[in-house]
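Visitor: I have a structure open and some questions about how it is put together. Can you walk me through it?

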Amino acid sequence: MEHITHPFSELFEQLGLDASHEGIEHFLSTHRLPPEVELMDAPFWSASQAGFLKEGLQDDSDWAEIIDQLNASLR
């Protein structure tokens, strides 16, 4: 089975966020997560965004790797 790797911009598009380079940089610079808060429990996600992130990680989907990278970038 071929493993698909998604870029940050596609993840941001899936989440309905500005997927431009500037938009991603702005989001990452203005949103921080303390270590005790799970990514999908962050207060800045809508219910559908949080659900997408949770499913992507739980199902170990082809989104899981980039979701992990987003998680690390927000710490």
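Guide: We will take the helices, then some single residues and the loops. Keep in mind that this is a predicted model.

Visitor: Let's start with H2. Which of its residues are buried?
Guide: In H2, Gly23, Ile24, Phe27 and Leu28 are buried. They cover an arc of only 125 degrees around the axis, which puts them on the same side of H2.

Visitor: Why would residues a few places apart end up together?
Guide: An α-helix has 3.6 residues a turn, so residues three or four places apart point the same way.

Visitor: And what is exposed on the other side of H2?
Guide: His21, Glu22 and Ser29 are exposed there.

Visitor: What do the buried residues of H2 pack against?
Guide: They pack against H1 and H4.

Visitor: On to H4, then. Where is it, and which residues are buried?
Guide: H4 takes in residues 64-73. Ala64, Ile66, Ile67 and Leu70 are buried in this helix. Seen down the axis of H4, the buried residues fall within an arc of 165 degrees, so they line one face.

Visitor: What covers them?
Guide: The cover includes helix H1 (8-14), helix H2 (21-30) and H3.

Visitor: How do H3 and H4 sit against each other? What's the angle?
Guide: They pack at an angle of about 120 degrees. Their axes are 8 Å apart. H3 and H4 are therefore oblique to each other.

Visitor: Is the crossing left-handed or right-handed?
Guide: H3 passes H4 in a left-handed crossing.

Visitor: Which residues meet there?
Guide: From H3, they are Phe52, Leu53, Gly56 and Leu57. From H4, they are Ala64, Ile67, Asp68 and Leu70. Ala64, Ile67 and Leu70 are also among the buried residues of H4.

Visitor: Let's stay in H3. Is Gln49 buried or exposed?
Guide: Gln49 is in H3. At 12% relative accessibility, Gln49 counts as buried, because the cut-off is under 20%.

Visitor: What does Gln49 touch?
Guide: Leaving aside neighbours within four places in sequence, Gln49 is in contact with Leu15, Leu17 and Phe44.

Visitor: And Gln58? Buried or exposed?
Guide: Gln58 is in H3 too, which covers residues 47-58. Gln58 is exposed, with a relative accessible area of 57%.

Visitor: How far is Gln58 from Leu11?
Guide: They are 47 residues apart in sequence. In space, their C-alpha atoms are 16 Å apart.

Visitor: What about Gln14? Which helix is that in?
Guide: Gln14 is in helix H1. With 47% relative accessibility, Gln14 counts as partly exposed.

Visitor: Which residues does Gln14 contact?
Guide: Setting aside neighbours within four places in sequence, Gln14 is in contact with Phe52 and Trp63. Phe52 is one of the H3 residues that meet H4.

Visitor: And how far is Gln14 from Ser61?
Guide: Their C-alpha atoms are separated by 14 Å. Along the chain, Gln14 and Ser61 are 47 residues apart.

Visitor: Time for the loops. Where does His31 lie?
Guide: His31 lies in the loop between H2 and H3.

Visitor: What polar atoms does the side chain of His31 have around it?
Guide: The backbone oxygen of Phe27 lies 2.9 Å from a polar atom of the His31 side chain. A polar contact of 3.1 Å joins the side chains of His31 and Thr30.

Visitor: Those are neighbours in sequence. What else is His31 in contact with?
Guide: Leaving aside neighbours within four places in sequence, His31 is in contact with Phe44 and Leu74. Phe44 is also in contact with Gln49.

Visitor: Where is Met40, and is it buried or exposed?
Guide: Met40 is in the loop between H2 and H3. Met40 is buried, with a relative accessible area of 17%.

Visitor: What does Met40 touch?
Guide: Not counting residues up to four places away in sequence, Met40 touches Trp45, Ala50, Leu53, Lys54 and Leu57. The C-alpha atoms of Met40 and Leu53 are separated by 6.0 Å. Those two are 13 residues apart along the chain.

Visitor: Last one: Asp60. Where does it lie?
Guide: Asp60 lies in the loop between H3 and H4. At 61% relative accessibility, Asp60 counts as exposed.

Visitor: What about its phi?
Guide: Asp60 has a positive phi of about 50 degrees, although it is not a glycine.

Terms used:
Residues are numbered from 1 along each chain as its sequence is written. This is a predicted model: local features need pLDDT of at least 70, side-chain atom pairs count only at pLDDT 80 or more; totals for chains, interfaces and linings use all residues. Side-chain values use heavy atoms; hydrogens and water are left out. Helices (H or I, at least four residues) and strands (E, at least two) are DSSP runs, numbered from the N terminus. Buried means under 20% relative accessible area, exposed over 50%, partly exposed in between (1.4 Å probe, protein chains only). The arc is that of the directions from the helix axis to the C-beta atoms. Contact means heavy atoms within 4.5 Å. A polar contact is a pair of N or O atoms within 3.5 Å; within protein, one must be able to donate a hydrogen and the other to accept it, and residues adjacent in sequence count only if both atoms are side-chain atoms. Axes are lines fitted to C-alpha atoms, for helices over the stretch in contact, and angles run from 0 to 180 degrees between N-to-C directions. Angles under 35 degrees count as roughly parallel, over 145 as roughly antiparallel, 65 to 115 as roughly perpendicular and the rest as oblique. A crossing is left-handed if the near helix is turned anticlockwise from the far one by less than a right angle, and right-handed if clockwise.
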